Protein chains: 2
Amino acid sequence: MILDIRQKQTFNLKPIYQRVAVSFNYEVCFTHNLFELKNPTLAQVITADGERKPKKVLAIVDAGLLTFCPDLIKQLTAYSKFYAEVLTLPIEPIIVPGGEAAKNDPNLVEQIHQQIETVGLCRHSYILAIGGGAVLDLVGYAAATAHRGIRLIRVPTTVLAQNDSGVGVKNGINAYGKKNFLGTFAPPYAVINDFSFLTTLSDRDWRSGIAEALKVALIKDASFFDFIHSHSAALVRRDMDVMQQVIYRCAQLHLEHIANSGDAFEMGSSRPLDFGHWAAHKLEHLTNYSLRHGEAVAIGIALDSTYSYLLGLLDGSEWRQILHTLSVLGFTLYLPELADFQKVFEGLSEFQEHLGGELTLTLLEGVGKGVEVHEVDLSLYGEAILLLGSE
Amino acid sequence: MILDIRQKQTFNLKPIYQRVAVSFNYEVCFTHNLFELKNPTLAQVITADGERKPKKVLAIVDAGLLTFCPDLIKQLTAYSKFYAEVLTLPIEPIIVPGGEAAKNDPNLVEQIHQQIETVGLCRHSYILAIGGGAVLDLVGYAAATAHRGIRLIRVPTTVLAQNDSGVGVKNGINAYGKKNFLGTFAPPYAVINDFSFLTTLSDRDWRSGIAEALKVALIKDASFFDFIHSHSAALVRRDMDVMQQVIYRCAQLHLEHIANSGDAFEMGSSRPLDFGHWAAHKLEHLTNYSLRHGEAVAIGIALDSTYSYLLGLLDGSEWRQILHTLSVLGFTLYLPELADFQKVFEGLSEFQEHLGGELTLTLLEGVGKGVEVHEVDLSLYGEAILLLGSE
């Protein structure tokens with residue numbers, strides 16, 4: 001349509017309403033011993049792109065892992081040689097600190113960008129991130145912002161990363177003392193959950209990730225909660241079969257939520273998967289990240305369940321069962337930091353600021369039934385803290 | 001589904017295929033005198049979110065604009081007071097350098113992030129970016145990476161930004177000497193094209209933006225090319241009505257392409273809107289950005305049209321008409337930098353690296369008919385350069 005030049009009301013040009021639909025597809029695989037030569041999973045994931053090979057793969061590895069897998073770098077190199085027709089490592093894998101330290105050092109993002117530039121990765125190359133959730137978040141942010149997004153294959157190595165953060169669509173680093181202040185929404189190219197890495201975890205890290213499984217069970221799936229509840233002893237004695245099922249179902253519930261929420265990139269204010277997380281984020285900060293994320297989430301779940309109970313939303317027997325399950329799993333449900341109500345409650349406004357828009361908290365109106373509220377009664381929350389402390 | 005715990009082949013847990021569909025919607029408005037109190041466009045765009053008001057708006061202004069609109073900051077403040085129920089400016093507008101300098105200083109992104117943090121913007125707050133394409137690219141990148149994306153309202157003030165970069169889904173800054181090395185795909189919340197700003201442009205900047213209109217006409221719409229061709233004298237004498245129609249149609253063609261290409265976030269290698277851009281990017285770099293982007297695109301169009309002609313794809317009379325139109329509009333079609341073939345042709349591999357995957361160039365098989373090729377004949381390209389130089 002070319003407007004008639006003689007028509008003079010050209011300042012009334014009609015607005016154009018633009019709709020951009022984007023579809024992201026990725027596979028979440030489950031395996032053991034990913035880098036054994038006879039395991040073709042990684043090579044298959046790259047072959048599936050249908051493009052000319054071999055592809056450049058920049059590997060970035062969590063330093064924490066190398067203590068337990070000292071041969072990992074050697075294995076990776078051998079793997080890349082064995083599958084040389086599919087992939088090539090242009091440089092030695094980059095090693096970055098594990099845990100929250102990965103997200104607190106802004107230089108790391110820059111170093112990864114520098115390496116991406118040096119080895120000449122393009123948008124069809126791959127970055128292979130191997131590590132815990134914090135390392136995946138850091139690498140994901142660096143990958144998403146170079147060339148407007150280089151393909152990211154995540155290999156989560158902790159329970160928490162395999163069943164929650166590692167399968168989702170977010171990345172981020174901390175800045176200005178705020179968790180995930182910098183980050184983007186960027187679905188991965190693929191996720192490969194290798195259960196063998198779970199044997200490297202300390203009891204603390206093994207346990208920590210179960211908190212996110214409990215969280216998603218509590219808001220979405222009562223039978224999954226029953227499964228965790230009835231297998232908590234097996235989880236404590238590190239039964240791998242049970243853990244694999246917990247991870248699989250938890251990842252599945254997270255993925256279903258992301259796919260079906262209608263708001264995968266969180267443009268609204270509703271965020272049910274953040275149940276228990278407002279206090280968790282604040283407690284992580286107040287303890288200088290000496291708490292694991294999952295440990296903080298366990299306390300957040302306990303607190304928000306207790307508040308749900310005091311509000312009359314949640315039945316007393318269900319509330320007790322939630323606290324009992326958390327305790328049997330070995331989680332601590334109270335910290336001295338909770339006693340400073342004012343500081344803790346700052347977490348509510350920080351949570352609102354990070355999510356954006358109206359304050360939206362998920363509470364429980366039953367096991368498996370999350371419910372959203374937009375107002376909080378701070379004095380009742382204070383009672384919930386006291387009640388939790390006296391349990 | 002909870003797997004049976006007795007089943008032992010748990011390492012055969014099936015892959016989960018995840019599909020995340022995300023829909024972005026935004027309005028591209030056209031107006032005059034945006035910040036006059038009687039113009040409600042901006043307030044309406046913010047009111048349309050249906051959320052509790054007033055909303056925080058962080059304004060970021062292109063310094064280049066203030067020379068010509070010295071009252072802009074005062075106007076903005078008055079506007080925010082007049083529409084105080086809808087929006088509030090938490091701090092004075094931030095002023096950033098205009099032109100490519102905006103994209104070459106990494107500190108600017110950090111400064112904007114710092115201000116976002118200081119004034120406590122959330123994901124439902126607004127960043128109002130007013131300026132040329134480079135400033136919009138910079139601010140867009142900072143907005144997209146804070147809290148995983150703060151709503152961005154773009155007010156493009158140049159022809160180029162109003163008809164091309166400002167209406168699209170990209171942002172970015174330069175790094176390691178590479179154009180747009182850092183950036184993301186992030187559709188804006190809204191775009192408001194205020195034609196009044198075009199009166200502030202130098203003849204060079206007025207002309208420069210027409211190159212992108214010619215580009216999209218050449219690959220998609222022969223009648224639009226005819227319109228530009230037959231109105232080139234009017235464009236040279238700065239006829240605002242004609243320019244408005246050129247901008248409107250060009251923006252419309254860009255938006256249609258983005259919406260209907262099936263690859264808005266450029267995960268494949270096809271990039272028809274980058275016709276003429278491989279050489280343009282390289283020439284901008286080789287001239288230390290003394291060339292405007294549009295001026296470089298004009299040379300890129302001339303070169304790739306000439307190569308299309310030499311390849312036998314494009315008819316000689318059409319080729320001459322393209323060069324003639326560019327010349328009448330006032331574009332220079334040859335630069336001494338082109339004589340160093342080797343350096344110029346480095347632009348091809350850099351272009352491939354930035355786009356990712358297979359080399360994909362758009363050429364012309366007729367006016368209004370782009371065609372993609374995956375191979376180039378460098379000696380023929382050299383002839384094209386010589387032919388262009390002799391014209």
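Q: What makes the largest nonpolar core a core, and which residues have the most contacts inside it?
A: In this predicted model, the largest nonpolar core has 169 residues, and A:I228, A:W278, B:I228 and B:W278 are those with the most contacts inside it. The term applies because the members are buried nonpolar residues joined through side-chain atoms within 4.5 Å. In soluble globular proteins, nonpolar side chains tend to be buried together.

Q: What does A:I228 touch, leaving aside residues up to four places away in sequence?
A: A:I228 touches A:I210, A:A213, A:L214, A:A217, A:L235, A:V246 and A:L329. Each counts as a contact because heavy atoms lie within 4.5 Å.

Q: Why is strand β5 of chain A described as largely enclosed by the rest of the structure?
A: A residue is called buried when its relative accessible area is under 20%. Six of the six residues of β5(A), residues 126-131, are buried, so the strand is largely enclosed. Both of its faces are covered, with A:Y126, A:L128 and A:I130 buried on one side and A:I127, A:A129 and A:G131 buried on the other.

Q: What makes β2(A) and β5(A) a pair, and in which sense do they run, parallel or antiparallel?
A: Two strands pair if there are at least two bridges between them. Strand β2 (residues 55-62) of chain A and β5(A) have five bridges and pair in the parallel sense; in one of these positions, A:V57 has A:Y126 as its bridge partner. Strand β6 (residues 151-156) of chain A also runs parallel to β5(A), joined by six bridges, and A:L128 stands opposite A:I153 there.

Q: Which handedness has the β-α-β unit of β5(A), α6 and β6(A), right or left?
A: The unit formed by β5(A), helix α6 (residues 133-145) and β6(A) is right-handed. The name applies because, with the strands pointing away from the viewer, the path from the first strand over the helix to the second runs clockwise.

Q: How does the radius of gyration of chain A stand against that of a compact globule?
A: For 391 residues, a compact globule would have a radius of gyration near 21 Å; chain A has 23 Å, which agrees. Buried residues make up 61% of the 391 residues in chain A.

Q: What does UniProt list for residues 209-336 of chain A?
A: An unreviewed UniProt entry lists "domain: 3-dehydroquinate synthase C-terminal" there. Over residues 209-336 the chain is 68% helix and 0% strand.

Notes:
Residues are numbered from 1 along each chain as its sequence is written. Chains are lettered from A and ligands numbered from 1 in the order in which they are written. This is a predicted model: local features need pLDDT of at least 70, side-chain atom pairs count only at pLDDT 80 or more; totals for chains, interfaces and linings use all residues. Side-chain values use heavy atoms; hydrogens and water are left out. UniProt positions are given in the numbering used here, feature names are shortened, and annotations may be inferred rather than shown by experiment. Helices (H or I, at least four residues) and strands (E, at least two) are DSSP runs, numbered from the N terminus. Buried means under 20% relative accessible area, exposed over 50%, partly exposed in between (1.4 Å probe, protein chains only). The radius of gyration is taken over C-alpha atoms; the globule rule is 2.2 Å times the number of residues to the power 0.38.
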